[in-house]
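Please open the structure in your viewer and keep the selection tool at hand. This tour goes from stop to stop, saying at each one what to select and what is there.

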Number of protein chains: 2
Amino acid sequence: MAIKIAVDAMGGDNAPYEIVKGAVEAAEEFGCEIILVGQQEAIKSELDKYKFNPGQITIENATEVISTEESPTIAIRKKKDSSIVVGLNLVKDGKASAFVSAGSTGAVLTGATFIIGRIKGIERPALGTCIPTIKGKFAFMIDSGANVDCKPNYLFQFAKMASVYVKYVMNVENPTVGLLNIGVEKEKGNALTKEVYGLLEQSNLNFTGNIEARDITYGAADIVVCDGFDGNIALKVAEGLAGVMLKVIKSEITQGFYKLAAFVLIKKFRNVKKRFDSEEVGGAPFLGLKALVVKAHGSSKAKGIKNAIKQCKIFVENDIVKKIEEQL
Amino acid sequence: MAIKIAVDAMGGDNAPYEIVKGAVEAAEEFGCEIILVGQQEAIKSELDKYKFNPGQITIENATEVISTEESPTIAIRKKKDSSIVVGLNLVKDGKASAFVSAGSTGAVLTGATFIIGRIKGIERPALGTCIPTIKGKFAFMIDSGANVDCKPNYLFQFAKMASVYVKYVMNVENPTVGLLNIGVEKEKGNALTKEVYGLLEQSNLNFTGNIEARDITYGAADIVVCDGFDGNIALKVAEGLAGVMLKVIKSEITQGFYKLAAFVLIKKFRNVKKRFDSEEVGGAPFLGLKALVVKAHGSSKAKGIKNAIKQCKIFVENDIVKKIEEQL
């Protein structure tokens with residue numbers, strides 16, 4: 001039986017057209033079944049643009065949409081017929097094996113925890129984000145924003161979940177685990193990292209010690225473990241700086257005499273952007289639940305959605321939930 | 001009477017030559033007196049290269065040097081005749097008004113707190129770092145690494161000290177204060193930021209609410225207040241990413257056909273670098289002590305040292321210590 005994946009057709013800046021396009025491509029390429037969740041008419045008129053196997057793509061109607069401006073907790077409670085709530089319920093009821101959404105991060109995480117529920121023994125589900133590195137591979141940062149006040153055991157569990165995920169879904173044999181810290185020495189850090197260091201050191205994980213933030217993009221560890229507050233700060237600094245730097249460089253090279261050279265180089269800049277393209281990996285997996293929920297970036301295009309669906313397929317095929325239970 | 005500033009001639013990657021050069025330039029340009037602290041012979045042979053007013057530059061011999069590899073606490077305790085300890089003692093004994101060092105950050109901060117001592121009422125001195133923004137001005141991040149486990153009142157005091165410093169030393173009238181957080185809404189954040197938000201909101205500071213990490217480089221606030229752990233993570237992510245991005249861009253544009261264009265653009269890249277040049281502002285002030293200590297970057301050249309000395313001069317002329325006391 002084909003793997004069934006529920007996809008939020010209404011979430012993100014480019015919904016529903018890029019979401020539907022990505023789903024159609026994924027169905028053809030990966031042979032899985034997809035349930036597009038959202039406003040039936042809107043989805044149908046997008047689907048009509050493509051040729052696809054109607055046995056592979058179905059629509060689950062959901063009349064409401066949760067916006068990123070709404071309070072996640074209230075939205076999940078009140079909007080029972082939103083694409084996020086309906087999609088998560090499909091997973092809960094066993095009608096789908098995983099859920100992909102490019103919608104409100106808060107609503108997706110809150111809803112997922114509430115509706116799908118945690119794996120027994122997991123204290124806090126956590127969000128993993130792939131960060132491009134200069135080595136060409138990605139670093140997997142967990143938690144990248146779901147949990148702001150963490151206890152040592154939460155981070156220890158993040159490391160365990162990530163080790164399973166990165167091994168099977170990202171195909172890295174025996175992935176290294178680095179603890180995000182302000183220095184590499186064992187005694188460095190705050191009260192939290194000092195305790196986590198001890199737990200990781202005594203575990204069966206491939207712990208390589210503390211990692212400084214500047215070494216993430218150099219590929220110093222396959223997995224970077226941190227508190228969700230710090231993970232969020234790290235990701236957003238990178239986002240802001242990357243934007244500013246490209247802007248400054250572009251403005252410098254489009255002045256006067258250099259305009260022509262700049263014109264020639266625009267294509268090259270696109271190559272650079274591609275190397276940092278997060279859509280290559282799909283989305284951020286929310287780990288620790290009884291099924292996989294992938295939070296795709298709000299600006300996701302068809303490619304990002306397609307790759308998020310691929311992530312789900314690999315996750316389900318490898319029975320990652322069971323492997324995480326065994327790792328605990 | 002001219003202002004006297006003690007300068008660690010042995011600290012940093014380019015000591016003593018760039019340090020001595022910067023000191024000579026500062027003496028001439030700003031008319032202050034400088035005490036170069038360190039190994040007498042080494043300093044003297046550097047000084048011999050320049051013409052300067054011997055009434056303005058003197059040497060204080062210190063035979064030992066603290067390296068960045070040493071434990072700060074042990075080094076400060078054991079190496080009584082190191083340039084850092086001798087320099088700090090000059091300030092403590094009233095023979096100099098401020099101290100500049102490009103040496104071990106840990107040793108400078110530990111030594112400064114221990115030898116010079118805190119302003120009465122200040123719970124934790126904090127390190128401020130200037131971050132370039134796209135607006136051309138700098139954002140002042142405090143604490144950028146001195147205190148890893150912070151209580152709400154520490155951050156509140158950081159904001160007060162920074163407001164005085166940025167106003168008088170960086171010349172920003174009524175500087176805005178942003179609280180580094182994972183969202184702009186008041187209710188966002190961890191236990192620490194939620195409490196600090198309340199304190200800042202009720203203060204007489206120009207508090208503009210939470211600021212997300214990605215908005216720092218866009219110049220969203222003059223002062224960015226945070227825990228030293230998060231500040232350090234933010235700075236080091238930026239450092240790592242900037243390095244990686246320039247590397248990737250350079251490698252892209254030096255391939256094949258684009259080599260010639262790249263050659264033309266090298267000069268332009270230097271302009272970009274200049275806009276992000278931290279030496280323009282000198283160093284990181286360590287605020288909350290009875291006198292100013294400036295931690296210059298380990299890679300500082302003469303210009304960075306010169307500007308750090310200028311910082312000290314403005315600090316002393318404006319009697320910032322007294323103004324911080326009044327702000328408490």
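This is a predicted model: local features need pLDDT of at least 70, side-chain atom pairs count only at pLDDT 80 or more; totals for chains, interfaces and linings use all residues.

**Stop 1**

Begin by colouring the strands of chain B, where an open sheet of 11 strands runs in the order S3-S2-S1-S4-S11-S10-S5-S6-S9-S7-S8, with mixed pairing. Strand S3 (57–61) and strand S8 (206–212) of chain B are the edge strands, each of which pairs on one side only. As you look across this sheet, notice that neighbouring strands are turned by 25° against each other on average, with direction ignored. In general, the strands of a sheet pair through backbone hydrogen bonds, and they do this in either a parallel or an antiparallel way.

Next, select residues 284–287 and 292–295 of chain B, which are strands S10 and S11, and you will find them paired in the antiparallel sense over three bridges. To look at a particular bridge, pick B:Ala284, whose partner in S11(B) is B:Lys295.

**Stop 2: helices lying across the strands**

Then select helix H7 (residues 191–201) of chain B, which lies across S7 and S8 of chain B, at about 165° to S7(B).

**Stop 3: a residue in strand S8**

Stay with strand S8 of chain B and select B:Glu212, which lies in this strand. Is B:Glu212 buried or exposed? Its relative accessible area is 10%, so it counts as buried, the limit being under 20%. Among the residues that B:Glu212 touches are B:Leu180, B:Asn181 and, from the other chain, A:Lys236.

**Stop 4: two helices of chain A**

Move to chain A and select helices H4 (residues 83–92) and H5 (residues 105–115), whose axes come within 10 Å and cross at roughly 35°. The crossing of H4(A) with H5(A) is right-handed. Show the side chains as well, and you can see residues of H4(A) including A:Ile84 and A:Leu88 where they meet residues of H5(A) including A:Val108 and A:Ile115. By class, this contact has seven nonpolar, two polar and one charged residues.

**Stop 5: one side of a helix**

Finally, select helix H11 (residues 320–327) of chain A, in which A:Ile320, A:Val321 and A:Ile324 are buried. Why are these residues on the same side of H11(A)? They cover an arc of only 105° around the axis, and therefore they share that side. Among what covers the buried residues of H11(A) are helix H6 (152–168) and helix H10 (302–317) of chain A.

Conventions:
Residues are numbered from 1 along each chain as its sequence is written. Chains are lettered from A and ligands numbered from 1 in the order in which they are written. Side-chain values use heavy atoms; hydrogens and water are left out. Two strands pair if DSSP finds at least two bridges between them. Helices (H or I, at least four residues) and strands (E, at least two) are DSSP runs, numbered from the N terminus. Axes are lines fitted to C-alpha atoms, for helices over the stretch in contact, and angles run from 0 to 180 degrees between N-to-C directions. Contact means heavy atoms within 4.5 Å. A crossing is left-handed if the near helix is turned anticlockwise from the far one by less than a right angle, and right-handed if clockwise. Ala, Val, Leu, Ile, Met, Phe, Trp, Tyr, Cys and Pro count as nonpolar, Asp, Glu, Lys and Arg as charged, and the others, Gly among them, as polar. Buried means under 20% relative accessible area, exposed over 50%, partly exposed in between (1.4 Å probe, protein chains only). The arc is that of the directions from the helix axis to the C-beta atoms. Lists of a residue's contacts leave out its neighbours within four places in sequence.
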